[in-house]
Amino acid sequence: MKRYTVICRPDPQSEAIKEKAIGELNEKGYVMDDRKPEIVFVIGGDGTFIYAVHHVRRLMGVRLGEVVFYGIHTGTLGFTMDFRGEEYREFMDTFFERKYTEIKYPLLQALYGDKVHYGLNEIRIENAARTQKLDVYINGEKFETFRGTGMCVCTQLGSTAYNRSLGGAVLQEGMDFIQLTEMAGIHHSKFRSLEAPFVLKGDTELEFRTDNFASALLGCDASVFPLEGVNSVKIHICPEVWVRMLRGRSVSYFERLKSLF
């Protein structure tokens, strides 16, 4: 891996680490390539990492299977990075000495009409303008009819993000599950849905059907897309696309949880 790019959060500490890393990489024969990198150095936090994944895939047009991400956190520990800013020397030495291991994160895929969108943390169907009715199908079988603001489907990685704020369960690292969590569901004597987070096997396909998606949005991590004129959205783990990341050292998942929450 010789071609690289750097994506960093726009703050003084992150920018300083970026300039230092670029200098070292260039000295050792690495070549900066913002068009077709083999490795993406991410400097910032978990949000920066998610931004980097979407930036590389959508804006740079690089196939995710052809690039690997390696990050340093300039805030708290986070879930996608093993080193803090003050551990810069160890971070770079680990890379140069190839003392890392590679792991893969799954991506959720949303399909409707001729559109395809991806989410690393979660994909949401949300409607802040009016009550959204959704018929929920699991692997082609109708499960329930939901009424409320919307639904959130998350990966294991995303279980500690928006899903957690909705009251969803935190899923331990390494579990091959997705989770379905309601967003402000309406429940009374005339209609009621499950009302609890639902943890499902990783190969589950969810489908959300409705007569009217007016004012509704599809949220894929930080991006949103209108659903006007759509009657069905299918969401599942994409079997062909993974996010590759280098881990520089072993950090307990529970230590990460304690440091953040």
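Which element gives the largest share of the lining of the second largest pocket? The model examined here is predicted; local features need pLDDT of at least 70, side-chain atom pairs count only at pLDDT 80 or more, and totals for chains, interfaces and linings use all residues. Residues are numbered from 1 along each chain as its sequence is written, and side-chain values use heavy atoms, without hydrogens and water.

Strand β16 is that element, with four residues. Strands (E, at least two residues) and helices (H or I, at least four) are DSSP runs, numbered from the N terminus. A pocket is an open set of points on a 1 Å grid over the protein atoms alone, where a 1.4 Å probe fits, with protein on both sides within 12 Å along at least five of seven lines; lining residues have an atom within 4 Å of a point. The second largest pocket has a volume of about 210 Å³. Its lining includes Arg57, Tyr118, Glu240 and Arg244.

The largest pocket has a volume of about 280 Å³. Among its 16 lining residues, Lys104, Pro106, Met175, Asp176 and Trp242 are the closest to its centre. Here β6 gives the largest share, four residues. Lys104 and Trp242 also line the second largest pocket.

Strands pair if DSSP finds at least two bridges between them. Five bridges join β1 to β3 (residues 39–44), in parallel. Cys8 has Ile43 of β3 as its bridge partner. Two bridges join β1 to β2 (residues 31–32), also in parallel. Tyr4 is the bridge partner of Met32 in β2.

Definitions and conventions. Grid points are joined across faces, edges and corners, and a volume is the space filled by probe spheres set on the points.
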